[in-house]
Amino acid sequence: MIGIISVHCIGLCSDDSTFTLNTRPALSVPSQIDLIYWKPILLNILQNAFFFDNIERGSVLLVNVIKNNTNGIFQTNNVTNMLIKCIVENTKKYNVIDIGTLYSVYRELGVFPEDNRNSYNFSIRIANYLQANYVLYGIAYGSSEKPNLELQLISVKTGEILRVVSGSA
């Protein structure tokens with residue numbers, strides 16, 4: 001079985017017997033990608049709002065994957081992981097469900113963290129499944145270059161939003 005491959009002016013192009021190098025980029029690549037270091041931003045948001053004081057001792061907290069409502073790409077996994085680390089490092093009075101456990105539940109339910117079904121109600125459903133007392137539901141919005149972040153602390157038992165804190169990069 002013989003296959004024929006046709007290439008049209010990628011890299012080296014040939015007109016009769018001369019070859020020319022095509023130097024135009026095939027894709028537009030940004031000259032610089034700015035990554036935001038979230039740890040100090042998240043700590044500032046949580047500490048300034050006395051966030052840690054709202055959770056009962058011995059409780060279980062589920063930090064849901066932050067929902068991206070920005071106008072572009074948002075470092076959802078990195079920021080969620082950093083948020084979990086900030087909470088674990090700054091309080092020992094309650095348990096935080098790790099990101100691996102959360103992702104395994106997503107896989108079991110056939111849902112991707114970036115999926116639109118990753119909503120407030122879905123977060124409560126996962127928290128009930130994991131027997132968490134609280135959910136920290138996060139939403140990133142605005143510009144992806146300088147996003148705003150809103151965190152809602154929700155009681156799983158009542159569905160009540162206990163605390164809302166926000167900040168920006």
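What follows is a working chat about a predicted model of one protein chain.

User: What does the secondary structure of the chain come to?

Analyst: In this predicted model, the chain has 4 helices and 8 strands, and read along the sequence they follow the pattern β-β-α-β-β-α-β-α-α-β-β-β.

User: And how many of the residues count as buried, as a percentage?

Analyst: Of the 169 residues of the chain, 38% count as buried.

User: Which residues in the largest nonpolar core touch the most other members?

Analyst: Those are Leu61, Leu83 and Ile87, in a core of 45 residues. Helices H1, H2, H3 and H4 each supply at least two residues of this core, and so do strands S3, S6 and S7. S6 gives the most, with 6 residues. As background, nonpolar side chains in soluble globular proteins tend to be buried together.

User: Take Leu61, then. What does it touch, leaving out residues up to four places away in sequence?

Analyst: With those residues left out, Leu61 touches Ile55, Ile87, Tyr94, Asn95, Val96, Ile97, Tyr134, Val135, Leu136 and Leu153. Ile87 in that list is itself one of the residues that touch the most other core members.

User: Where is Ser59, and is it buried or exposed?

Analyst: Ser59 sits in the loop between helix H1 (39-48) and strand S3 (60-63), and it counts as buried because its relative accessible area is 5%, under the 20% cut-off.

User: Which backbone oxygen lies 2.9 Å from its side chain?

Analyst: The backbone oxygen of Glu56 lies 2.9 Å from a polar atom of the Ser59 side chain. Beyond its neighbours within four places in sequence, Ser59 is in contact with Lys93, Tyr94, Asn95, Asn133 and Tyr134. Of these, Tyr94, Asn95 and Tyr134 are also touched by Leu61.

User: Switching to helices: how do H3 and H4 pack?

Analyst: H3 and H4 pack at an angle of about 110°, with their axes 11 Å apart.

User: What about H1, which of its residues are buried?

Analyst: The buried residues of H1 are Ile41, Leu42, Leu43, Ile45 and Leu46, and what covers them includes H2, S7 and strand S8 (161-168).

User: Why does Ile41 count as buried?

Analyst: Ile41 has a relative accessibility of 18%, which is under the 20% cut-off, and therefore it counts as buried. Not counting residues up to four places away in sequence, Ile41 touches Ile36, Ser168 and Ala169. The C-alpha atoms of Ile41 and Leu149 are separated by 9.7 Å, although these residues are 108 apart along the chain.

User: Over to H2. What does the side chain of Thr80 reach?

Analyst: Thr80, which is in helix H2, reaches the backbone nitrogen of Ile66 with its side chain at 3.1 Å. Thr80 is buried, with a relative accessible area of 0%, and apart from neighbours within four places in sequence it is in contact with Val63, Asn64, Val65, Ile66 and Ile99.

User: And Gln75, where does it lie and what does it touch?

Analyst: Gln75 lies in the loop between strand S4 (67-70) and H2. Once residues up to four places away in sequence are set aside, Gln75 touches Leu35, Ile36 and Trp38. The C-alpha atoms of Gln75 and Leu35, 40 residues apart along the chain, are separated by 8.6 Å. Gln75 is partly exposed, with a relative accessible area of 23%.

User: Last one: which residue has a positive phi although it is not a glycine?

Analyst: That is Gln131, with a phi of about 60°. Gln131 is found in the loop between H4 and S6, and it counts as exposed because its relative accessibility is 65%, over the 50% cut-off.

Technical notes
Residues numbered from 1 in each chain as written. Predicted model: local features only at pLDDT ≥ 70, side-chain atom pairs only at ≥ 80, totals over all residues. Heavy atoms only, no water. Buried < 20%, exposed > 50% of the residue type's maximum accessible area, 1.4 Å probe, protein only. Polar contact = N/O pair within 3.5 Å; in protein donor to acceptor, adjacent residues only side chain to side chain. Contact = heavy atoms within 4.5 Å. Core = buried A, V, L, I, M, F, W, Y, C linked by side-chain atoms within 4.5 Å. Axes fitted to C-alpha atoms, helices over the stretch in contact; angles between N-to-C directions.
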